[in-house]
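Look at the sequence and structure first, then read the points below.

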Amino acid sequence: MKNKNYNNMDLEELSEFIESIGEKKFRAKQLFQGIHKNKYYGIDEFTNFSLSLREKLKKHGNIVPSKIYNKLESKLDKTRKYLIELNDGNIIESVYMEYSTHNTICISSQVGCKMGCTFCASTKQKFVRNLEPYELLNQVYTVQKDIGKRISNIVLMGIGEPLDNYDNIIKFIKILSNKDGYNISLRNITLSTCGIVPKIYELAEENLPINMTISLHNPFDNERKKIMPIEKKYNIKEIVDSTKYYFEKTGRRISFEYTLIEGVNDSYKHALELRNIIRGMNCHINLIPLNKIREFNENSSSKDAINKFKNNLEKLGLNATVRKSLGQDISGACGQLRAAHIIK
Ligand code: SF4
């Protein structure tokens, strides 16, 4: 029988497997709980299993771990950036952020990214491969073990485009929210996408009401095209229509991410057009100062310009907040730490 990766299997798959090796079905639930509730990384940790069952499980497969390759801790707040080493030696990035009411992890969905957004460090070292469900889960479990506190919120906003790794992301969310496992609330999961429209419609039908964030960054098609190649495939109207549908089906409020770039997208004209395209929607706008990377020759809007833009949006009737930047002393933008590792 082929070597199984137990932490990549959902409860149904484990049940089928357990029965196929002549064991009772309840063992599958125990295996699932051990991996996803107790975070066991090895079959020998299952002391509730007989020695012979443990040996049998080891013969057929294993639990594949991920390792912490490097960790940076902020001296300004409790943010920690992790470089996580996968079983094949690839490196990804996860970021832990602590707030007064919750602990959040921002995880990667792919090794690299195909989307080519010009301002983003994650895409510069090119796309390598999708992450498997267990590699998504391991980011949460590995960091939780390291900090010794339960992670309550997950944001799929790290390296990669989650909707470009759709099936694995769906399986990950289903396993992580399973009540016999980690049992995270779907309301505490947020997926960020650059706007892969057909997948937004597909996700709306999954009965997985997670939060959705759209990386918008510019309300004009011709300008957005210059910084986000995905715009050539799906324009802003198509993206906004798909998010309206998503809201209708799931009831989850949509957020729009808007990175402010000096003299590029921070004028009153941009605020006005932003209002025009999302008028009447129940949504929120996150304003983000640009995190400068070497390959993108633009600057962040100044603090004053950001506040002015925010005030303009509010006067136009929109909800907007400026995202608080955590961990500023431990290498800024998402993907930069991995990039520094690859090109050093
Ligand atoms: S912003 Fe997101 S979608 Fe765009 S290149 Fe970076 S990781 Fe990929």
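The centres of domain 1 and domain 2, taken over C-alpha atoms, lie 34 Å apart in this predicted model. Domain 1 covers 4-62 and domain 2 covers 67-343, with bounds from an automatic or database domain assignment. The contact takes 15 residues from domain 1 and 15 residues from domain 2, where contact means heavy atoms within 4.5 Å.

**Basis**
- Local features need pLDDT of at least 70 and side-chain atom pairs count only at pLDDT 80 or more, while totals for chains, interfaces and linings use all residues.
- Residues are numbered from 1 along each chain as its sequence is written, and side-chain values use heavy atoms, with hydrogens and water left out.

**Interface area**
- Domain 1 and domain 2 bury about 1400 Å² between them. Buried area is the accessible area (1.4 Å probe) that two parts lose on being put together, summed over both.
- Carbon and sulfur atoms carry 51% of that area.
- In domain 1, Asn8, Lys39 and Tyr41 lose the most area to domain 2. Together they make up 42% of what that side buries.

- Two salt bridges cross the interface of domain 1 and domain 2. The rule asks for a side-chain nitrogen of Lys or Arg within 4 Å of a carboxyl oxygen of Asp or Glu.
- Lys171 and Glu13 form a salt bridge through their side chains, at 2.9 Å, N to O.
- Eight residue pairs, both at pLDDT 80 or more, are in polar contact between domain 1 and domain 2. A polar contact is a pair of N or O atoms within 3.5 Å; within protein, one must be able to donate a hydrogen and the other to accept it, and residues adjacent in sequence count only if both atoms are side-chain atoms.

**The side of domain 1 that touches domain 2**
- α1 (11-20) and α2 (26-36) each supply at least two residues. Helices are DSSP runs (H or I, at least four residues), numbered from the N terminus.
- The largest share, five residues, comes from α2.

**Salt bridges in the whole structure**
- The whole structure holds 22 salt bridges.
- Lys58 and Glu55 form a salt bridge at 3.4 Å, N to O.
- Lys58 and Glu55 are separated by about one helical turn, because they are three residues apart in helix α3 (residues 51-60).
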